[in-house]
Amino acid sequence: MKYLKTGLCIFIAFVFIQSLFFKFSGSPETEFIFGTLGEWSGLAWFGKYGAYMVGIVELIASILLFTRFHALGAFLAVGTMTGAIFFHLFTPIGVAQPAFNEAGEVVGNDGGTLFVMACLVWLSAAFLLYQTRKGDREEVD
């Protein structure tokens, strides 16, 4: 079970950390997603700063997953991905995201890959939380 937990932590951290480039560099994908959410919500600041805020939370979660505070990291991952899944399903960004070329032009879509990754991270983090909680109960008994 230890290897499964470690593998899930590595998976979550990999997904979060590889996405930081997009969130912190102002990529067309990030501008589309957070700009659309900013317009939809009426919170223009979220379109401009939301990616940085989410990226910071994902970075903190990634670090915490490998410390004694791993449950907090998993909790942050579940919370962040709950928001991502909600926004994919119930806002104009939708499930399939546009794919952009180097010039920032739309050249297709991702076929829902970003949404699927959010779901997989959510499931992984929820499992880690469940196992942590289960382990806490076993120690008390």
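Two strands count as paired if DSSP finds at least two bridges between them, and strands themselves are DSSP runs of E with at least two residues, numbered from the N terminus. Hi everyone, let's start there.

What we have is a predicted model, where local features need pLDDT of at least 70, side-chain atom pairs count only at pLDDT 80 or more, and totals for chains, interfaces and linings use all residues. Residues are numbered from 1 along each chain as its sequence is written, and side-chain values use heavy atoms, with hydrogens and water left out.

So, the strands. S1, residues 98-100, pairs with S2, residues 106-109, in the antiparallel sense through three bridges. Pro 98 has Asn 109 of S2 as its bridge partner. The two strands make a hairpin with five residues between them, and in that turn Gly 104 has a positive phi of about 85 degrees.

Helices here are DSSP runs of H or I with at least four residues. H2 covers residues 28-41 and reaches 20 Å from first C-alpha to last, close to the 20 Å expected, which is 1.5 Å times one less than its number of residues. Among its buried residues are Ile 33, Phe 34 and Leu 37; buried means under 20% relative accessible area, exposed over 50%, partly exposed in between, using a 1.4 Å probe and protein chains only.

Now, how many disulfides are there? Zero, across the whole structure, taking a disulfide as two cysteine sulfur atoms within 2.5 Å. The sulfur of Cys 119 is 19 Å from the closest one, in Cys 9, so that is too far for a bond. Cys 9 is buried at 8%, while Cys 119 is partly exposed at 23%. Thanks, everyone!
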